[in-house]
Amino acid sequence: MDKAITELHQILQRLIGLHRQLLDITRREKTALLEMNLKEVQENTFDKEATLYSVHQAETERQRKISEIAILTKTPVEELTIQKLVIQVQGSDIKMAEQLRTTANALTVLIDRIKDQNKENSRLVEQSLIHIREMKRNVLGESQRGSETY
């Protein structure tokens with residue numbers, strides 16, 4: 001089981017690296033949105049999609065490894081969380097239990113930051129869309145019907 005736990009920890013470390021990349025991309029995305037740099041927005045979108053694909057692959061690996069550990073520990077897979085695994089591992093390997101706990105906490109913090117950054121970016125996009133719609137109405141002459149002077 002020690003090998004499976006070590007492999008799970010490596011998968012979690014890879015997820016942390018991918019989520020750091022994702023956070024960096026979402027921050028670059030915000031800058032590109034603020035600067036109205038379409039090329040950068042497109043590049044960031046591509047990078048984000050590629051990184052999300054890698055995250056999904058690593059997450060699938062993590063789920064397989066959790067299933068394997070569930071079998072080894074005779075624990076129902078739906079009940080085996082990282083926190084419960086930390087408690088189980090503490091009895092035999094305190095160092096690994098602490099590494100798992102730290103890794104899981106770091107991943108949670110990164111995910112929360114990414115969610116917050118995505119919300120901020122979404123808000124910026126929504127504001128931009130409102131301005132674009134208003135500009136479209138102005139260009140089409142729908143803004144003020146009463147003014148026929150121009």
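The model is predicted, so local features need pLDDT of at least 70 and side-chain atom pairs count only at pLDDT 80 or more, while totals for chains, interfaces and linings use all residues. Residues are numbered from 1 along each chain as its sequence is written, and side-chain values use heavy atoms, with hydrogens and water left out.

**Helix packing**

Two packed helices are described by the angle between their axes and the distance between the axes. Helices are DSSP runs (H or I, at least four residues), numbered from the N terminus. Axes are lines fitted to C-alpha atoms over the stretch in contact, and angles run from 0 to 180 degrees between N-to-C directions.

| Helix pair | Angle | Axis distance |
|---|---|---|
| Helix 1 and helix 2 | about 160 degrees | 9 Å |
| Helix 1 and helix 3 | about 140 degrees | 13 Å |
| Helix 3 and helix 4 | roughly 165 degrees | within 8 Å |

Angles under 35 degrees count as roughly parallel, over 145 as roughly antiparallel, 65 to 115 as roughly perpendicular and the rest as oblique. Helix 3 is therefore roughly antiparallel to helix 4. Helix 1 and helix 2 are roughly antiparallel too. Helix 1 and helix 3 are oblique to each other.

Contact means heavy atoms within 4.5 Å. From helix 1, Ile5, Leu8 and Leu12 meet Ile82, Leu85 and Val89 of helix 3. That contact has 6 nonpolar residues, no polar and no charged. Here Ala, Val, Leu, Ile, Met, Phe, Trp, Tyr, Cys and Pro count as nonpolar, Asp, Glu, Lys and Arg as charged, and the others, Gly among them, as polar.

Helix 3 meets helix 4 through residues including Val86 and Gln90 on helix 3, and Leu100 and Arg101 on helix 4. This contact holds 9 nonpolar residues, 1 polar and 1 charged.

**The largest pocket**

The largest pocket holds about 410 Å³ of space. A pocket is an open set of points on a 1 Å grid over the protein atoms alone, where a 1.4 Å probe fits, with protein on both sides within 12 Å along at least five of seven lines; lining residues have an atom within 4 Å of a point. The volume is the space filled by probe spheres set on the points, which are joined across faces, edges and corners.

The pocket is lined by 14 residues, and the closest to its centre are Leu33, Met36, Leu124, Ser128 and Ile132. Helix 4 gives the largest share, 8 residues. By class, the lining has 10 nonpolar residues, 4 polar and no charged.

Note on methods. Helices (H or I, at least four residues) and strands (E, at least two) are DSSP runs, numbered from the N terminus.
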